[in-house]
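Please read the points below beside the coordinates.

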Amino acid sequence: MGIQWRESLAIGVEEIDNQHKELLLRFDRLLNACQGGRGIEELKKLQAFLDEYVHTHFNDEEALQRKYHYPGYEAHHAEHLYFINKINILKAETEQEGVSTHHVIETNNMLLKWLLNHISKVDMELGAFLKSATS
Ligand SMILES: [Fe+2]
């Protein structure tokens, strides 16, 4: 099991695509760590990374949307908030209870389902819009 960037995930904005590549790379590290029995340690590293990176990444995406008056901005922003909220809840839980296997599994599930779905649908629509807005 592992996850890899593929061209079909490219939304056509280099900066955003590179940020998505980095996210998938970090996520792949967690999946590999799980296979090697190091999921709990790696989850802490991923959480620290996501804390900062996700904010930067979402802000960059949203700044582009505002710049080009993207009509789907509100819905897209709401999806980002949902993800940040989930990440924060999981982080608070692990801080209170310590990291356990179910936190690792939940993080894996969320990243697999939410992140891939978001990139391949919601971000892809944004990419198509930006392409037509800037050409
Ligand atoms: Fe997005």
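Which residues does Trp5 touch, not counting residues up to four places away in sequence? The first point takes this up, after two remarks on conventions. This is a predicted model, in which local features need pLDDT of at least 70 and side-chain atom pairs count only at pLDDT 80 or more, while totals for chains, interfaces and linings use all residues. Residues are numbered from 1 along each chain as its sequence is written.

1. Trp5 touches Lys21 and Leu24, residues up to four places away in sequence being left out; two residues are in contact if their C-beta atoms, placed from the backbone, lie within 7 Å. Trp5 belongs to the segment before H1, where helices (H or I, at least four residues) and strands (E, at least two) are DSSP runs, numbered from the N terminus. With 17 C-beta neighbours inside 10 Å, Trp5 counts as partly exposed, given that a residue is buried if 20 or more other C-beta atoms lie within 10 Å of its own, exposed if 12 or fewer, and partly exposed in between. The C-alpha atoms of Trp5 and Glu22 are separated by 9.1 Å, although the two residues are 17 apart along the chain.

2. The length of helix H1 (residues 14-35) agrees with expectation, because its 22 residues should span 32 Å at 1.5 Å a residue and its end C-alpha atoms are 31 Å apart; the expected span is 1.5 Å times one less than the number of residues. H1 is followed by Gly37, whose phi is positive, near 75°.

3. The buried residues of H1 are Ile16, His20, Leu23, Leu24, Phe27 and Leu30. They cover an arc of only 110° around the axis, which puts them on the same side of H1, the arc being that of the directions from the helix axis to the C-beta atoms. As background, an α-helix has 3.6 residues a turn, so residues three or four places apart point the same way. Exposed residues on the other side of H1 are Glu14, Glu15, Asn18, Leu25 and Gln35, and what covers the buried residues includes H2 and helix H4 (101-134).

4. Two of these buried positions can be checked individually. His20 counts as buried with 22 C-beta neighbours inside 10 Å, and His20 touches Leu9 and Ile119, again without residues up to four places away in sequence. Leu23, also in helix H1, counts as buried with 21 C-beta neighbours inside 10 Å.

5. The axes of helix H2 (residues 39-67) and helix H3 (residues 73-97) come within 11 Å and cross at roughly 170°; axes are lines fitted to C-alpha atoms, for helices over the stretch in contact, and angles run from 0 to 180 degrees between N-to-C directions. H2 and H3 are therefore roughly antiparallel to each other, a term for angles over 145 degrees. On the H2 side the contact is made by Gln47, Leu50, Val54, Phe58, Glu62, Gln65 and Arg66, and on the H3 side by Tyr73, His76, His77, His80, Ile84, Ile87 and Lys91. These residues divide into six nonpolar, five polar and three charged, where Ala, Val, Leu, Ile, Met, Phe, Trp, Tyr, Cys and Pro count as nonpolar, Asp, Glu, Lys and Arg as charged, and the others, Gly among them, as polar.

6. His80, in helix H3, is partly exposed, with 18 other C-beta atoms within 10 Å. His80 and Phe58 are 22 residues apart in sequence, and their C-alpha atoms are 6.8 Å apart in space.

7. The loop between H2 and H3 holds His69, whose phi is near 50°, a positive value in a residue other than glycine. Most residues other than glycine have a negative phi. His69 counts as exposed, with 9 C-beta neighbours inside 10 Å.

Terms used
Angles under 35 degrees count as roughly parallel, over 145 as roughly antiparallel, 65 to 115 as roughly perpendicular and the rest as oblique.
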